[in-house]
Amino acid sequence: MSEDNDAPRKKGRDPILMIGTIILALAFVVVISGYAYGQFVPAQEDPAKFGDKVKVDYVGSFYGFAIDKDGNDNGNASVFDTSSWSVAKHYEEDDSPYGFSWSFTQRAEDKYTPFNVTIGSGGALKDFENAIIGMRPGETKWIEINAKDGYGVVPTANYKTWESADPRFVIDLTEKMTQNEFKDTFSIDTISPAGYINLSHPYGWKCNATVANDGFVYVTHLVDFDKDADDPYEAVAGGMKIAVSKDGASKFAVSFKFDKKADPSGGIQLIQFKFGGTTYYITQLNNDGSFKTKDTDEIIGMKLYFKITLLGYQ
């Protein structure tokens, strides 16, 4: 019997078709895998470079990093500025994990937002902006900036040394102040035409004050000269106490007493005191009771410590 040539034959696999199918399958796997990877492991963004517009969180402090590289709070640091409410909310707390500088002003919570800056624009300190170069979003860096590269050094003329024999001010029992001096001394925003009775002086005693027709404020200091010398007026800051004594019929002397034991290391955190419309910061305290002050802004002449986190790009 002859072979039936019309009978259907089994087709062999077409090699070109098979290769194409494999390529399509592999492409599908790559697409699906890439999608899954993108969902769970986001692609790493490029590092920041000069000219980039970035947004960062930062904490600026004196005397060390407020939050160190291990995430620990530093109770010896003084925060002078931050973009983070999680730090600022501790301002004036008795059990604050760190201190705050005299110049620190707490804003409303919604005012604490990431800091936007263009690298190289001069919108921040040069070393601050340069530190962001090379960082990737999510990265944190800790940097130190010397005074000369920060807000400048203190001019020699703005330093004053107070000798141990006379670390005091002599003041009239009734002191004449400009309205701005009065506001600054007593932290008062507006002047009451009716005057003040039993106003608390920042150094511990009471005062009466009247506003005269000449526009000046006349402050009568109600100091207690019989206050025991071993119990001077309460400390205004760590290691600082106030003592008063008569200096004639119409004047009195205010002495600033400092306890060196409060800072045995010799590196003192700034103590602020005000008189005669001038704000002083003690920069050096000696064993004999003498001390050195500056009358510039607090931040002048200070080494700066910054914790910077790059959040992303604008």
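## Strand pairing around Tyr-196

In this predicted model, Tyr-196 has Ala-209 of S10 as its bridge partner. The two strands concerned, S9 and S10 (residues 206-211), run antiparallel to each other and are joined over 3 bridges.

S9 and S10 belong to an open sheet of 4 strands, arranged in the order S8-S11-S10-S9 with antiparallel pairing. The edges are formed by S8 (174-177) and S9 (196-200); each has a single partner strand, so one side of each remains without a neighbour in the sheet. From one strand to the next, the twist averages 30°.

Helix H4, spanning residues 179-186, packs on this sheet. The helix touches S8, S9, S10 and S11 (217-222), and its direction makes an angle of about 115° with that of S8.

## Salt bridges

The structure contains 4 salt bridges. Side chains of opposite charge can pair when their charged atoms come close. One of these pairs is Glu-144 with Lys-303, at an N to O distance of 2.8 Å. Glu-144 lies in strand S5 (residues 140-145), whereas Lys-303 is in the loop between S16 (291-294) and S17 (304-313), so the pair ties together parts that are 159 residues apart in sequence. Glu-144 is partly exposed, with a relative accessible area of 45%, and Lys-303 is also partly exposed, at 33%.

Another salt bridge links Lys-49 to Asp-52, with 3.2 Å between the closest N and O atoms. Lys-49 is exposed, its relative accessible area being 51%, while Asp-52 is buried at 14%. The cut-offs place these two residues in opposite classes, because buried means under 20% relative accessible area and exposed means over 50%.

A further salt bridge joins the side chains of Lys-148 and Asp-149, with an N to O distance of 3.3 Å. Lys-148 counts as exposed at 61% relative accessibility, and Asp-149 as partly exposed at 35%.

## Overall composition

The protein as a whole has 4 helices and 17 strands. Of its 314 residues, 34% are buried. Among contacts with a separation of 6 or more, 57% are between residues 24 or more positions apart.

The accessible surface of the protein is about 19200 Å². Carbon and sulfur atoms account for 50% of that surface.

Terms used. Residues are numbered from 1 along each chain as its sequence is written. This is a predicted model: local features need pLDDT of at least 70, side-chain atom pairs count only at pLDDT 80 or more; totals for chains, interfaces and linings use all residues. Side-chain values use heavy atoms; hydrogens and water are left out. Buried means under 20% relative accessible area, exposed over 50%, partly exposed in between (1.4 Å probe, protein chains only). Contact means heavy atoms within 4.5 Å. Accessible areas come from the Shrake-Rupley method with a 1.4 Å probe; for residues, only the protein chains shown count as cover. Two strands pair if DSSP finds at least two bridges between them. Axes are lines fitted to C-alpha atoms, for helices over the stretch in contact, and angles run from 0 to 180 degrees between N-to-C directions.
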